[in-house]
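Work through the following exercises with the sequence and the model side by side. Try each task before reading its solution.

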Amino acid sequence: MSDGVISQDEIDALLSGVPMDGLNASGQVASASPSMMNIDTETLAKFAGDTKDSFAENLKQMTGAEVTVGTPTVESAARDQLLAKLPEMVIVTQADYSAGLKGDHLYIISTDCAQKLVGLINKEENATLDDMALSVVNETLSTHTNDELTAIDKTGKLPGLACNPAESINVPKAMVRAPQNTFALFTFPITIDGNAYTMWEAISGEAAWQIGMALGGNAAMAVPGGNAGGALNAADMASLAGAAAPMGGGAPQMAGAMSMGGGMPMQMGGMPMGAAPNVQSVQYPSLMGGGMGGDQGNIGLLMDVFMEMTVELGRTKKPIKEILGFGEGTIIELDKLAGEPVDILVNHKPIAKGEVVVIDENFGVRITEILSPQERVSELR
């Protein structure tokens, strides 16, 4: 709410009546707006520490080298803080949550670290970070994702968790697609064959908040003007309740408050107790309608920005031992049926479907279906 206007997400969170303990009526972790999250870094750091040994053992088995993973740290961060920690060129491995949670989930390592891992696993020196090498990085970091999902699943609060298949790219740090707003940033110090490296793991704010609650953390809904951490805790609630009662020495009552869970009445801005307030309905514009005039003018500033467009024929998953056995003439079966439309993605997000065509001597794609606004918005979340 930096511009003083409450967002639709914040309205939805308020209207949904998110419980203070973070769990809904069915015992599942309740959802809330990312802008209202207080990420429990202490609980997440303990969680990361509990999984570091299995991560080190997995790396040791895959590389055949001596590997140690030091005590990880977790902090609430924004994109600028993340970029300040990164070297100029990095390998970004995206593995966004696809079930049980929603939001961004990615790993970042230096190109030196990636070359070391690939070189040890493939038994080659000075490994080239080509598509084959990036697939090795995918499989390597996916083992840690699986360990994390298994540990969270054991809580019983977030069953059925899953992530999209890992996808790695080699990019300058300025092109890293970090989660929006504030997110949880894990930092893992790693030593491989005596060489020190760092792996960063970023989890979007809402997903990090939900994971913290599932793990028994004390994260709560943040309230503007609340305590230093931005969250309304038990002490804050007690303070509010006490402030409403007359204080010794004739001190005045709190001028503005709210009705607490037990129905305790509080005076609102000098309104007499029991007076009937003037209540009016608030009309919100449809989210699916056309954009406001200001938005239409501002979007013109972005018209010359280039975005990566990809046509995806299909996907599949293979174990590393099978990938290393690939050679010329190997046929790889994909998850798409013959004649099925291919996916058209912009910045790795699906926007349309189409069919492959040949234009002179080049491949092309003819758009046959544009995803509905609802489908596109759901993919962006």
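**Exercise 1.** Decide whether His-348 is buried, partly exposed or exposed in this predicted model, and say where His-348 lies.

Solution. Step 1: the relative accessibility of His-348 is 36%. Step 2: buried means under 20% and exposed means over 50%, with partly exposed in between. Step 3: His-348 therefore counts as partly exposed. Step 4: His-348 belongs to the loop between E11 and E12.

**Exercise 2.** Give the strand order of the open sheet, then find which strands stand at its edges and why one side of each has no neighbour.

Solution. Step 1: the four strands follow the order E10-E11-E12-E13, and their pairing is antiparallel. Step 2: the edges are strand E10 (309–312) and strand E13 (362–370). Step 3: each of these two has a single partner strand, so one side of each is left without a neighbour in the sheet. Step 4: from one strand to the next, the twist averages 40°.

**Exercise 3.** How many bridges join E12 to E13, and which residue of E13 stands opposite Val-358?

Solution. Step 1: E12 and E13 run antiparallel and are joined by eight bridges. Step 2: the residue of E13 opposite Val-358 is Phe-363.

**Exercise 4.** Which residues form the nonpolar patch on the surface, and in which strand does Val-356 lie?

Solution. Step 1: the patch is formed by Leu-313, Ile-332, Leu-334, Val-356, Val-358 and Phe-363. Step 2: together they have about 600 Å² of accessible area. Step 3: Val-356 is part of strand E12 (residues 349–359). Step 4: its relative accessibility is 45%, so Val-356 counts as partly exposed.

**Exercise 5.** Locate Leu-337 and decide whether Leu-337 is buried or exposed.

Solution. Step 1: Leu-337 is in the loop between helix H9 (320–323) and strand E11 (342–346). Step 2: the relative accessibility is 65%, so Leu-337 counts as exposed. Step 3: Leu-337 and Gly-314 are 23 residues apart along the chain, and their C-alpha atoms are separated by 8.9 Å.

How values were computed: Residues numbered from 1 in each chain as written. Predicted model: local features only at pLDDT ≥ 70, side-chain atom pairs only at ≥ 80, totals over all residues. Heavy atoms only, no water. Buried < 20%, exposed > 50% of the residue type's maximum accessible area, 1.4 Å probe, protein only. Patch = residues over 30% accessible without salt bridge, like charges linked within 9 Å, V, L, I, M, F, W, Y side chains within 5 Å. Areas by Shrake-Rupley, 256 points an atom, 1.4 Å probe, with all protein chains shown as cover. Salt bridge = Lys/Arg side-chain N within 4 Å of Asp/Glu carboxyl O. Pairing = 2+ DSSP bridges. Axes fitted to C-alpha atoms, helices over the stretch in contact; angles between N-to-C directions.
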